[in-house]
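Dear colleague,

I am handing over the structure below, and I would be glad if you looked through it before reading my notes. What follows after it is a careful account of what was found.

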Amino acid sequence: MQSPGDDWSDDPGPQDACGVFGVWAPGEEVAKLTYFGLYALQHRGQESAGMAVSNGERIMVFKDMGLVSQVFDEPTLNSLNGFMAVGHCRYSTTGASTWENAQPTFRGAGDFGLALAHNGNLTNTDELEAWLEQSVEASQVPRKNRMDSTSDTALVTALMTTHAEGGLREAALTVLPRLQGAFCLVFSNERTLFAARDPQGLHPLVLGRLSNGWVVASETAALDIIGASLIREVEPGELIWIDESGLNSARFAEADPKGCLFEYVYLARPDTLISGRRVHAVRVEIGRTLAMEAPVDADLVIPTPESGTPSAIGYAEASGIPFGLGLVKNSYVGRTFIQPSQTIRQLGIRLKLNPIRDVIEGKRLVVVDDSIVRGNTQRALVKMLREAGAAEVHVRISSPPVQWPCFFGIDFATRAELIAPGLTVAEICRSLGADSLGYISIEGLTASTGLSGRRLCRACFDGDYPVPIPQDRARQMGLEHRFGC
């Protein structure tokens, strides 16, 4: 799988929208807690990072383009004093990759300010923009409450500040039921921390406890890094708020759980808990199932680091074929703003992965990867392994063929750019240059999670979207026939 931020690749692979984090902890250095929380969520977004810190009277926002460690330094963190913070790391799926679209967003709303961070992707932005226009005209709210960026996060922020006459909680309870698509929101005014999750619970959002405070985050790994204990997931369709009175909750929509299946395949960190199961354990089980469904005679199982490693372990366990590390990953290949020359482009995958010739030479290899999107990465990898002396290369994929684009915060290619639609597995195998190719079935993948298929969004594999998709969006993605556009 291509690593996020590899900006000279023509096969960037699936990328998640963002990571969100919030902390309410009087007496703690909340800016530094937020820094470490975002550091643990860096895999969810590498384009920009930011945080908003409140001392009870004012909110200070600091954000910039780049990784968390590039945006924040010790003097900056020391200047962000307060008892509550909202943090964000971003990968853009809607809105350009510019400073204006970095988060958290901030707006004034009468006698309070609003800082907001969002993970996910809304599907009814046209409807919401029309509602915002009507609300601004009807209420004569200053026109500055119109959006000043191109992200759906700015749209939600503008709507909440436009409907803030009764306070932020009432504004949230007015706006949230109108949102469609995927949203995990963490936001605050000067005194109260809020969090909300869409009725389908498409992406994870968890609640944790500190000795003297509370934490919300996209993944449990962010709780672990700051020593917070996991309390529970924020429920689909739930709004929570935390202030001097403690934890409070209200429901703005009925829950209809449809958690993203791809979180288990690739997006979430392996040490994260989702629905009570460790992602690493699920991925190992996926590998075991894959070995049963797509066996092959081989000498060595190797993963594509690092997302393929747990499933490769499971494949080796179930098949009896030894597990080995045949590829070394350069962990320091991240986002670069240096424009690559054609010579550098031709290096391709070698910038990230390099084969260990002594391990793979003469061996029949099973190469386990998490998914195939366009196929360019796997094609280059197979070629590289053959050049390094592999006798055979058998590719095994721990997800079904990716057939459909995602509208909920994962930046897949359009359907026309995906390799799987219109091709058989044998044809994809020939395109990759592999000796064989095997995918896990959607039934096997679902069973490995321990959840019912009715509680999962599997749309990128089966095209069954849990939220209606607007026709104009479907046309843009080449789905006219699927949705009758």
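Two strands are taken to pair if DSSP finds at least two bridges between them. The model you have here is predicted, and in it strand 2 (residues 48–54) and strand 3 (residues 59–65) run antiparallel and are joined by seven bridges. Within this pairing Ser 54 stands opposite Ile 59 in strand 3. The two strands form a hairpin with four residues between them, and Gly 56, which sits in the turn, has a positive phi of about 100°.

The largest cavity holds about 100 Å³ of space, and of the 14 residues that line it, Cys 260, Cys 406, Phe 408, Ile 410 and Cys 457 lie nearest its centre. Sorted by class, this lining has twelve nonpolar residues, one polar residue and one charged residue.

Cys 89 is in no disulfide, and the nearest cysteine sulfur, that of Cys 18, is 7.3 Å away, whereas a disulfide would need the two sulfur atoms within 2.5 Å. Cys 89 is also buried, with a relative accessible area of 0%. Cys 460 is likewise in no disulfide, its nearest cysteine sulfur being that of Cys 260 at 6.4 Å, and at 8% relative accessibility Cys 460 counts as buried.

With best wishes

Conventions: Residues are numbered from 1 along each chain as its sequence is written. This is a predicted model: local features need pLDDT of at least 70, side-chain atom pairs count only at pLDDT 80 or more; totals for chains, interfaces and linings use all residues. Side-chain values use heavy atoms; hydrogens and water are left out. On a 1 Å grid over the protein atoms alone, a cavity is a set of points where a 1.4 Å probe fits but cannot get out, and a pocket is an open set with protein on both sides within 12 Å along at least five of seven lines; lining residues have an atom within 4 Å of a point. Grid points are joined across faces, edges and corners, and a volume is the space filled by probe spheres set on the points. Ala, Val, Leu, Ile, Met, Phe, Trp, Tyr, Cys and Pro count as nonpolar, Asp, Glu, Lys and Arg as charged, and the others, Gly among them, as polar. Buried means under 20% relative accessible area, exposed over 50%, partly exposed in between (1.4 Å probe, protein chains only).
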